[in-house]
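Here's a short walk through a sheet, the helices packed on it, and a chain contact. Have the structure open while you read.

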Amino acid sequence: MIDPIFLVEAAVNGVLLGGILALLALGLNLIFGVIDIVWIVYVDLVMVCMYAIYFAHVHGWPFWLAALGAVGLGALLGIAVHVLVISPILGSPPINQLLATGGLLFFIQSFATFLWTTDHRSVRFALPTFEVGGIFLPATRLIPFGISILAMLALYLFLTRTFAGTAIRAVAQDREAMALMGANPRRVYVTTSAVGGLMAGLAGALLVFQYSVHPFFGGQFGPLTFMICVLGGLGNMVGAFVASFIMSEIISIAGVLWSTEMGYVIAFVVFIVVMFIRPGGILARPE
Amino acid sequence: MLEVRSVTAGYGAFTALWDVSLSVAAGEAVAVVGPNGAGKTTLLRVLSGLLPARAGHLSLDGISLTGRPAHEVVGHGIAHVPEGRRIFPALTVADNLRMGAYLPAARRRFAESLAGVYALFPVLAERRRQRAGSLSGGEQQMLAIGRALMSRPKLILLDEPSMGLAPVMVLRLFDLIRRVRGEGYTILVVEQNVRQVLKIVDRAYLLEVGRIKREGRAAELAEDEFVRKSYVGL
Amino acid sequence: MTGIAAPDRRPAGPGTAPRALVAAAGAALLVLPLLLTGGLGQYALHVLIQIFVWAFIGQAWSLMGRFGLVSLGHGAFLGLGAYTDALLWNFFGLTPWLGAAAAVALTGVFAAVVAYPCSRFRVVGHYFALVTLAVGEVVRLLIIAERDWTGGSLGLTLRPARTDGLVALQFADKRVFYYGALALWAGGLWVWRRLDRSMARAAMEAIGEDETAAASVGIHVTRFKIGVTVLSATLTALGGVAYAQYITYVNPETLAGIGVSLRIVFAVVLGGMYALLGPTVGTALTIALSESLRIAFGLRFIGMAETIYGLLLVLFIIFLPAGIYGGLARLLARRPAAVAPAVQG
C-alpha cells in the first residue's frame, strides 16, 4: 500500500495543477461562450507563447518582461486567429469551424517543428522548495498557482464589474439582443478573442515554470482542456473552474497510484462516462 | 418620422412581407395588428436592422436606414423590444438596463436615464440586484421596455408585448405603454391583442399574410366591419 | 449538424461516369505494378499502397462524417485494429486472418459500446466530436501506459514470419501488398456505394437533419447511428490491420490519438466528404504532397509538408468547403439545361 503522505501530496499537487488548467479552460470557454466556436488550436497558442518566453529568456530578458511579452503576444494571436480564420467562417456549419481550427492546429504545430525542431526547450528556475508537514511544495508550482488564482479573480471582476465584461457576458447570452443595444458583434468578438488569447499567453508564462516546451505540447494539454470545458458545460465559466480541479485531482492521485498515463486515461474515461450521464456537463449552461 | 416604403422581405425562399408601406409621425402611437404569421415580427426585424429588406426603403427623420445592420440602426434612435422580451437572463436587472445604454451617447446620460426608468417602473428599482431570469413575465416585459428606454430612442418598436402575460398583467402593461407614450416617446407596437392595443394608439395598420389590408385611425379601425369580423372580442 | 458543404441530394461520382471509363481505370490500376520496376518502381508502389490503405480508412471515416457524425477519434479504431492484429501475432502466432477477425470484432464491440450511450443520450455535434477525441486519446494513452506488452511509445515490430505467404500475410514482394491494398480500397468503394444507395442513407440523412423528426416518423435513430458507427469503426480497424501488416511496425503516435485522427479527417475534407472518390482524392493529394516535399527538401525541412498541409486545410475550409473533388463534381454535374432551384437571397 502506498504511503498516505504521497496521496496527500498528490492531492495538493492536483490543486496546484488545477489552477493552471482552470486558466486554460476559462480562456477557451470565454471564446466559446461568446462566439460559439471551440478553438481546438487554443493550447497551441499557449505553446507559441511559451516559445516566445524561452527565446526571450535566451536573449537575456528578465522573466517578468518575457512574461508580459507573452501575454501581449497571446492577445495578438487571439485577434489574428479570429480575424483571419474564424471571421470568414462564422456562418459555416460548426463542424467546418471545428476543422478550421484543427487545420490551424496542424499548421502551427508543424511550423513550430520546422522552425524549432522537436527538441524540448525549458527555462530553468532557481527557486526553493518548501516542506510542509512532509509534503514538498516547490515554488515552481506555488507561484504559478497563486498567479493563476489572481488572474481568475481579475477575470471575474472584469466580467462582472466592468461594462466591457458585462457586455461580453450579455453577448454570450443573446447575441441578437445585444446587437439591438448597439453592440457591434464584430467588435465584441475581437475583444473576446483578445482576452482569450491574453489568458493563453498568461497560461504559457505560468507553464514554463514546470514544463518544457516542444511543438506537440498542445497534444499534452489540448484534449484535456477541451474535456474540462465540456465537462463543466461548454460556455459555463463556473463549471469549467470546478471541472478543472476535478480532473486535475483525478490525474494527480491516479498518477501516483498507477502511472502518469493511467492518470490521464482514468480522467478521460471519467469524462466519457459523465458525458453519457450529463451530456450538457456537470453544471449545464443556464438556459 | 419613420417612413417605410414598399418593403419586401423574407427568409430564404419564403417571402413574409410584400410591398409594405407605413409611416409614423413624431409623438404618435401606431399599432400594427394582424393574426399569427402575418409578418408582424418580420416587419419589426426589418425596421431594427436584424433582417435586410429585399426591396423598399426605410428612413428615420429623412436619414436612410435601408440595409443598415442592427447595431447601427439603434444608434439612429430606433429601439426594438423584441418578441419574447429577450432580456439577459443571467444578468441582474441593473446590468440589463446598463446594457441598454451601450451606445456612447446613451452612456453619457446613463444616470439620468436610469432614474427615469426606475421612476416609470418602480418594481425594477426594487429588484435591481435580482437575476433577470427570475422575474415574472410581466416584470421581464417592463425590464425589456426599460432597457430600450436606456438608449434614449426616438422611436420604440414593441413586438407583441402582451404575449404570454396573464390578463391582469396585460391591462397593466398597456397602461404602462400609455404612460411611456405620455413621456413623449414615439411608439410602434405590434400586437395580436387587437382590442386592447387599439385603445392606446392613435392609428393602426392591419397586416395579413404580409400585406397591409387596412389602415386608419384607431377608433375607425375598431369599428371597421372587416376587422370586427376577423377578430373575436371586438 | 450537416457540415462541410451541404450537398445536392444526388450522389456524385463515377456512378454517373461511363462504364468504359471505369473499366479502363480499373484495368490500368491492375496493370500498373507490372510497369513499375526498379528502385523507383518500388518507391512508387510503396506510395500507392499507402494511398490505397489510407484512402480506404478515410472512406470508412466518411461513412460517419457525411451524416454529421464527425468523429475526431478514429485513431482509436485504427490503433485497436492494428495492435490487436500485431499483438495476437507476436504473442500467439495467430495468423493475421484470424487476427483481423478478432480486431474487427473487438473494435466493433468497442464502437457499439461508445456509440450506444452517445446516441441514447443525444451526444451530438461539438460534444460528440470531443467525446470521440477523448476516446482516441484514451486508446493512445492506454497503449503507452501498458508499455510492458505493447511496447509503449517505442512501438511494436511485427515478428518476421518464418515463411512469407498468405498465412502470415507477410510478403517480400511489394506487388502482393499492392493488389491487396487495391482490393481493400475497391471493397471500401463498394461498401460506400451500397450504403449510398440504401434506405439507410435516406434514414441517416433524415437523422442528420432533425433527429426528433426522424424518430417521429418511425426511424430507429439509435440503431442507425450505432450501425453506421460500427461499420465505420470496423472498416477502419481493417485498415489498421492492413497498415500493420504492410509496415510491420505499429506505434501509438502514428496509429492512435488526435494526430492521426485529425489527419484522416483532413484528407477526407480536402477531397470532399460527400463524393465517392472524395476521400481517395484527398488522401492521394496529401500523401503526394508530403512525399514530394520530403523529396524536395529532405530531412532539413521536417514539418514543412504538414505546415503547408495545415495551411491548405484552413484555406479549403474557408474557400472551398466542398473539397477539391466535391467541388469539381458539383461543377461538372451542373448541366446547361439543369433545372436548379434558384436560391432566394
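In what sense do strand S3 and strand S8 of chain B pair, and over how many bridges? Strand S3 (residues 29–33) of chain B runs parallel to strand S8 (residues 186–191) of chain B, over five bridges. Val33(B) sits opposite Glu191(B) in S8(B).

Some ground rules: this is a predicted model, where local features need pLDDT of at least 70, side-chain atom pairs count only at pLDDT 80 or more, and totals for chains, interfaces and linings use all residues. Residues are numbered from 1 along each chain as its sequence is written, while chains are lettered from A and ligands numbered from 1 in written order.

Zooming out, chain B has an open sheet of six strands, ordered S6-S7-S8-S3-S9-S10 with mixed pairing (strands pair if DSSP finds at least two bridges between them; strands are DSSP runs of E, at least two residues, and helices of H or I, at least four, numbered from the N terminus). Strand S6 (78–81) and strand S10 (211–217) of chain B are at the edges with a single partner strand each, so one side of each has no neighbour in the sheet. The twist averages 15° from one strand to the next.

| Helix | Strands touched or crossed | Angle |
|---|---|---|
| H1(B), residues 40–48 | S3, S6, S7, S8 and S9 of chain B | about 150° with S7(B) |

As for the chain contact, 18 residues come from chain A and 21 residues from chain B. On the side of chain A that touches chain B, H6(A) gives the most, with six residues.

Methods. Axes fitted to C-alpha atoms, helices over the stretch in contact; angles between N-to-C directions. Contact = placed C-beta atoms within 7 Å.
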